[in-house]
Amino acid sequence: MASSPVVLCYSSFNPPRPAFDVLFELAPAYESDFTLLDLVAVADLKEDERAKIEGIICTGGYARTDHELGKEIMDLLPNLKVISTPSTGINHIDVQAATDRGVRVGRSPGHFQSDSVAEFAFGLLLASARSIVLANEVARTTVFSSGQQKIGVFSPIQQVTGSTLGIIGFGNIGRAVAAKAKGFNMKILYYSRTRKKDQEKCLGVSFCPDLKKLLQESDFVILCLPYTDQTKHIISSKELCLMKPTATLINVGRGGTINHDDLTAALHNGVIRGVALDVTEPDNLPKDHPLFKMQNVIITPHIATYTESTFLKVFTTAMDNLKAGIKGEELPYPV
Ligand SMILES: O=CC(=O)O
């Protein structure tokens with residue numbers, strides 16, 4: 001192992017997915033500060049190897065609802081100074097345990113990825129409303145003899161323009177979603193802990209302090225929430241039953257904000273029209289999960305942030321946080 005401080009690339013995925021290439025492309029610019037060590041299990045390292053690890057960079061598992069990076073791992077690394085995640089969400093890190101051990105924690109600021117996530121949320125919304133994923137599959141296997149036959153396969157198809165959108169969570173992502181929705185002439189309601197009055201006029205949105213009302217009035221509901229004790233299962237069967245039977249639910253925040261058993265039952269019973277999820281509980285939903293068997297469900301594997309330009313921004317931020325943390329300086333983007 002190298003003699004400069006070592007930063008461990010860490011992922012809880014089993015088998016771990018490889019660290020992002022972009023990370024290693026950035027590494028030469030930081031080679032005088034630290035060396036990256038690609039995915040190894042901490043427990044497999046010898047004591048002298050562990051002693052060299054001064055930083056951890058998370059390369060996966062952000063949507064876990066428990067702390068995957070907790071005190072057990074921190075306690076194996078006596079010289080750990082900094083944990084850096086390229087994500088904005090931090091539910092995968094036990095920040096309290098890190099703070100107690102004097103380990104700094106850094107993340108990406110939300111506005112770095114809000115546009116890529118909002119774009120994706122809109123992609124999910126359109127794909128679900130206009131049955132695009134189903135149409136792509138059907139086009140490969142079916143020869144249609146009439147328009148009538150097509151209508152039978154794809155109904156109900158919903159028009160997005162002019163419909164009502166409910167945004168739950170009005171941080172950077174929620175606001176970026178609203179900006180996109182404006183172009184579709186949607187009536188936009190938002191639910192948030194705090195009213196963002198200054199945004200309302202320019203984004204053309206109305207504050208809806210009553211979640212029940214937002215759910216009852218919206219044709220599309222997009223969840224843009226972090227996972228916290230307050231947001232855990234904020235959508236359960238009671239909330240799903242308030243939604244219109246023609247409504248679609250989209251989640252680009254964290255999977256744990258929806259109770260998936262209740263969601264499965266609601267879809268099974270036709271309580272809502274459909275769902276499109278970039279995040280599930282757990283991430284990497286087991287392949288035999290009933291949601292995968294439903295035609296009105298779209299599931300993508302937590303990739304809403306994935307664009308080249310966003311990667312570059314968030315991984316550069318993560319590397320800068322590591323560099324500062326290893327030097328014992330304040331992080332440019334602390335939690
Ligand atoms: O999910 C992605 C993030 O939290 O950045």
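This is a predicted model: local features need pLDDT of at least 70, side-chain atom pairs count only at pLDDT 80 or more; totals for chains, interfaces and linings use all residues.

Reader: What does UniProt place at residues 122-304?

Author: The unreviewed entry gives "domain: D-isomer specific 2-hydroxyacid dehydrogenase NAD-binding" for that span. UniProt positions follow the numbering used here, feature names are shortened, and annotations may be inferred rather than shown by experiment.

Reader: What makes a stacked pair of Y30 and F34?

Author: Rings of Phe, Tyr and Trp (its six-membered ring) pair if their centres lie within 6.5 Å; planes under 30 degrees apart count as stacked, over 60 as edge-to-face and the rest as tilted. The structure holds eight aromatic pairs. For Y30 and F34 the centres are 5.8 Å apart and the planes are at 25 degrees, so this pair is stacked.

Reader: Which other pair is stacked, and where do its two residues sit?

Author: F170 and Y190 are stacked too, at 4.0 Å centre to centre with 20 degrees between the planes. This pair links distant parts of the chain, 20 residues apart: F170 is in the loop between β6 (164-168) and α8 (172-182), and Y190 is in strand β7 (residues 187-191). Together with F207, F170 and Y190 form one aromatic cluster.

Reader: Why do F170 and Y190 count as buried?

Author: Buried means under 20% relative accessible area, exposed over 50%, and partly exposed in between (1.4 Å probe, protein chains only). F170 has 2% relative accessibility, so F170 counts as buried. Y190 has 0%, so Y190 is buried as well.

Reader: What is an example of a residue that counts as exposed, and why?

Author: Take N185: its relative accessibility is 61%, so N185 counts as exposed. N185 is in the loop between α8 and β7, and its phi is near 55 degrees, a positive value in a residue other than glycine. N284 also has a positive phi, of about 60 degrees, without being a glycine. The loop between β11 and β12 holds N284.

Reader: Where are the cis peptide bonds of P156 and P282?

Author: One joins S155 and P156, with omega about -5 degrees, and P156 is in the loop between α7 and β6. Another joins E281 and P282, again with omega about -5 degrees; P282 is in the loop between β11 and β12.

Reader: How do you know that V275 is buried, and what does V275 touch?

Author: V275 has 0% relative accessibility, so V275 counts as buried. V275 is in strand β11 (residues 274-277). Contact means heavy atoms within 4.5 Å; leaving out residues up to four places away in sequence, V275 touches T248, L249, L263, L267, N296, V297 and I298. V275 and S128 are 147 residues apart in sequence, yet 7.3 Å apart in space, C-alpha to C-alpha.

Reader: Why is T300 called buried?

Author: The relative accessible area of T300 is 17%, so T300 is buried. T300 lies in the loop between β12 and α13 (308-327), and its contacts beyond four places in sequence are F120, L124, L277, D278 and V279.

Reader: What lines the second largest pocket?

Author: The lining has 18 residues, and S131, L134, Q295, N296 and V297 lie nearest the centre. On a 1 Å grid over the protein atoms alone, a pocket is an open set of points where a 1.4 Å probe fits, with protein on both sides within 12 Å along at least five of seven lines; lining residues have an atom within 4 Å of a point. α6 gives the largest share of the lining, four residues.

Notes. Residues are numbered from 1 along each chain as its sequence is written. Side-chain values use heavy atoms; hydrogens and water are left out.
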